[in-house]
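Let's take a friendly walk through a protein model together. Have a look at the picture, and then we will go through its parts.

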Amino acid sequence: MKPVLIDTCAWIDFLRQPQGSLGDQVAQLLASDRAALCGAVQAELMQGAKGRKEQEQLDFLLANVPCLDIIPADWLSAGRLLAQLRAKGLQVPLSDALIAVCARRHQAPVLTLDQHFQHLDVVLL
């Protein structure tokens, strides 16, 4: 089965409100060994860690959930994608474009509620 690239908002829901709709989906993906993240998600999670307890949760999570690799070509693809979107009048964060490009290359759907991903040509859960 293909991995599911879990976006930062879903991990936050899982860690802070495990009974939420996204939290439940993350728990199911973890139980079925389909949960994945990438470096951009790791960085966003680390940036938002509040206190020692959350830092310890993240350290455990990052040590145990597979990380989909981001290769040099992904940075170029993300830049091209952002340029195309900007030409259409859309502003999307670099991190979201990089997550989308990584997900597409790995043929992994993305679990997110972030509206930016509707413009990023990825399969959403």
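How many disulfides does a search of the whole structure find?

## Cysteines

The search finds zero disulfides, a disulfide being a pair of cysteine sulfur atoms within 2.5 Å. For Cys9, the nearest cysteine sulfur belongs to Cys38 and is 13 Å away. Cys38 is in no disulfide either: its nearest cysteine sulfur, that of Cys102, is 4.6 Å away.

The two residues also have their own surroundings. Cys9 has 27% relative accessibility, so it counts as partly exposed, while Cys38, at 0%, counts as buried. (Buried means under 20% relative accessible area, exposed over 50%, and partly exposed in between, with a 1.4 Å probe and protein chains only.)

## About the model

This is a predicted model, in which local features need pLDDT of at least 70 and side-chain atom pairs count only at pLDDT 80 or more, while totals for chains, interfaces and linings use all residues. Residues are numbered from 1 along each chain as its sequence is written, and side-chain values use heavy atoms, leaving out hydrogens and water.

## The sheet

Four strands make an open sheet with parallel pairing, in the order β3-β2-β1-β4. β3 and β4 are at the edges with a single partner strand each, so one side of each has no neighbour in the sheet. Strands (E, at least two residues) and helices (H or I, at least four) are DSSP runs, numbered from the N terminus, and two strands pair if DSSP finds at least two bridges between them.

β2 and β3 pair over two bridges. Cys38 turns up again here, opposite Leu68 in β3.

## The core and helix α6

The largest nonpolar core has 37 residues, and Leu5, Ile6, Trp11 and Leu111 touch the most other members. Helix α6 (residues 94–105) gives the most to this core, with seven residues. Such a core is a set of buried Ala, Val, Leu, Ile, Met, Phe, Trp, Tyr and Cys residues joined through side-chain atoms within 4.5 Å. Leaving aside residues up to four places away in sequence, Ile6 touches several residues, including Trp11, Val26 and Leu111; contact means heavy atoms within 4.5 Å.

With twelve residues, α6 reaches 17 Å from its first C-alpha to its last, close to the 16 Å expected at 1.5 Å a residue (1.5 Å times one less than the number of residues). Among its buried residues are Leu98, Ile99 and Cys102. What covers the buried residues of α6 includes β1 (4–6), α3 (39–48) and α5 (72–87). Just after α6, Gln107 takes a positive phi of about 55°.
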